[in-house]
Amino acid sequence: MNLFTILISTIFVNNYVLGRFLGVCPFLGVSNKTETATGMGIAVTFVVTLSSIITYIIHHTILIGRLEYLQTIVFILVIAALVQFVEMVLKKISPTLYNALGVYLPLITTNCVVLGVAILNIQAEYNLIETIVNAFGASVGFSLALILIAAIREKFEIQEIPKALEGFPIALITAGLMSIAFLGFNGLV
Amino acid sequence: MKLSKVFFNGVVKENPIFVQLIGMCSVLAVTTAAKNGLAMGLAVTGVLIGSNVVVSLIRKVVPNKIRIPAFIVVIATFVTIVEMFMKAYAQDLYNALGIFIPLIVVNCIILARAESFASKHGLLASAVDGLGMGVGYTLALLILSILREFLGSGSIFDIQILGPSFEPAIIFLMPPGAFILLGILIGIFNSIRNKQASKEVLQKEEAR
């Protein structure tokens with residue numbers, strides 16, 4: 001498959017949050033402000049791309065052919081270790097960046113986008129370049145959806161919303177309407 | 001603590017989906033048919049009970065600092081067992097649930113129960129807590145998946161209920177329908193709870 005097609009398809013057509021339901025927890029949890037949403041988006045993009053490369057290498061050198069049943073356990077450990085490592089490196093090298101992203105890093109381990117992208121890359125039998133492009137596209141798509149809904153939710157603060165729908169329910173309904181809008185990209189690739 | 005209280009705490013009072021609002025990804029993704037929703041609920045319940053029991057057994061051996069990675073390995077082990085089991089005995093369901101079986105590992109409900117309940121309570125209470133939370137989760141999945149299947153294809157558990165003149169609303173089988181329906185369901189649940197809370201306040205005032 002064409003690299004450009006993969007990129008467009010993962011950002012818009014098969015958006016990981018609005019089309020495939022991966023990463024819905026942070027999508028609803030940290031989308032109250034545009035600033036925090038942007039921070040989370042950058043942190044996720046960084047970790048997803050890096051972890052996809054590492055899990056690809058591990059799968060094709062160690063696991064393939066004999067230890068494939070260990071995939072889930074190995075991948076989640078790699079991701080947890082990687083997140084910890086990125087946190088320590090950032091703290092040492094760039095304290096400003098660490099202060100901006102630090103709070104989001106521990107949350108990323110339990111973000112299903114990271115593990116989901118790693119497993120889907122293997123299932124789709126992408127090569128290394130396609131893996132990187134797919135992971136980058138997936139996380140850009142995630143960030144796009146996150147920042148868009150954060151911008152919408154900021155407007156909710158000055159609106160009157162029925163009491164029972166405040167918070168999560170209205171965010172879910174908004175996500176549904178956004179998802180309808182993203183369906184419009186169907187047939188683009 | 002009474003075991004029945006622990007159980008109903010998970011099913012109703014702290015229902016993972018409608019009250020705690022965690023573990024949404026799988027709920028939205030697999031509820032296209034009642035059958036899939038039930039299978040996913042049972043898979044998560046199995047993992048929850050297993051991981052809660054093991055975490056409760058090893059809670060005094062594991063050093064505090066590395067408890068989270070240790071819990072994740074325990075959870076991942078049970079997820080792998082469930083995955084292999086489904087692959088061997090229920091190939092159709094395995095294909096229908098797809099990536100969301102391995103993703104049970106990162107389902108926040110399981111780690112949250114291991115951390116907040118099983119690491120502090122005994123074996124039996126932890127197992128009951130796992131069962132209660134699992135039943136609560138399965139119940140939420142069932143409600144959503146039955147509604148979606150009914151509106152989206154006019155059937156429940158693959159049994160056609162509405163006649164051929166019914167025009168199915170395909171949107172409920174697609175992602176937007178899942179988001180909107182779950183939003184409305186949580187809204188209804190909230191309004192019921194709000195009413196009950198205000199009733200209790202009124203009763204207390206009358207008692208005075």
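Which pattern does chain A follow when read along the sequence? Chain A follows α-α-α-α-α-α-α-α-α.

## Model and conventions

This is a predicted model, in which local features need pLDDT of at least 70 and side-chain atom pairs count only at pLDDT 80 or more, while totals for chains, interfaces and linings use all residues. Residues are numbered from 1 along each chain as its sequence is written, chains are lettered from A and ligands numbered from 1 in the order in which they are written, and side-chain values use heavy atoms, with hydrogens and water left out.

## Fold and dimensions of chain A

Chain A has 9 helices and 0 strands; helices (H or I, at least four residues) and strands (E, at least two) are DSSP runs numbered from the N terminus. The radius of gyration of chain A is 17 Å, close to the 16 Å that the globule rule gives for 189 residues, so chain A is as compact as a globular protein of that length. The radius is taken over C-alpha atoms, and the rule is 2.2 Å times the number of residues to the power 0.38. Along the principal axes, the C-alpha atoms of chain A fill a box of roughly 55 × 45 × 30 Å.

Of the 189 residues in chain A, 52% count as buried (under 20% relative accessible area, with exposed over 50% and partly exposed in between; 1.4 Å probe, protein chains only). Among contacts (heavy atoms within 4.5 Å) in chain A between residues at least 6 apart in sequence, 78% join residues at least 24 apart.

## Surface and charge

Chain A carries 8 positive and 9 negative side chains, and the centres of the two sets lie 6 Å apart. Lys and Arg count as positive and Asp and Glu as negative, with His and the chain ends not counted. The place of a charge is NZ of Lys, CZ of Arg, CG of Asp or CD of Glu.

## Aromatic pairs

Over all chains, the structure holds 6 aromatic pairs. Rings of Phe, Tyr and Trp (its six-membered ring) pair if their centres lie within 6.5 Å; planes under 30 degrees apart count as stacked, over 60 as edge-to-face and the rest as tilted. The rings of A:Phe21 and B:Phe179 have centres 5.3 Å apart and planes at 55°, so this pair is tilted. The pair crosses between chains, from A:Phe21 in the loop between α1 (3-13) and α2 (24-29) of chain A to B:Phe179 in helix α8 (residues 175-207) of chain B. Both A:Phe21 and B:Phe179 are buried.

The rings of B:Phe18 and B:Phe189 have centres 4.9 Å apart and planes at 25°, so this pair is stacked. B:Phe18 lies in the loop between α1 (3-13) and α2 (24-30) of chain B, and B:Phe189 in helix α8 of chain B, 171 residues apart. B:Phe18 counts as buried at 5% relative accessibility, whereas B:Phe189 counts as partly exposed at 24%. Ring pairs also link A:Phe12, A:Phe182 and A:Phe185 into a cluster.

## Two buried residues

A:Ala164 is found in the loop between α8 (128-156) and α9 (168-183) of chain A and is buried, with a relative accessible area of 14%. Not counting residues up to four places away in sequence, A:Ala164 touches A:Pro169, B:Gly187, B:Asn190, B:Ser191 and B:Asn194.

B:Arg113, in helix α6 (residues 108-118) of chain B, is buried with a relative accessible area of 7%. Leaving aside neighbours within four places in sequence, the contacts of B:Arg113 include B:Glu14, B:Asp129 and B:Met133.
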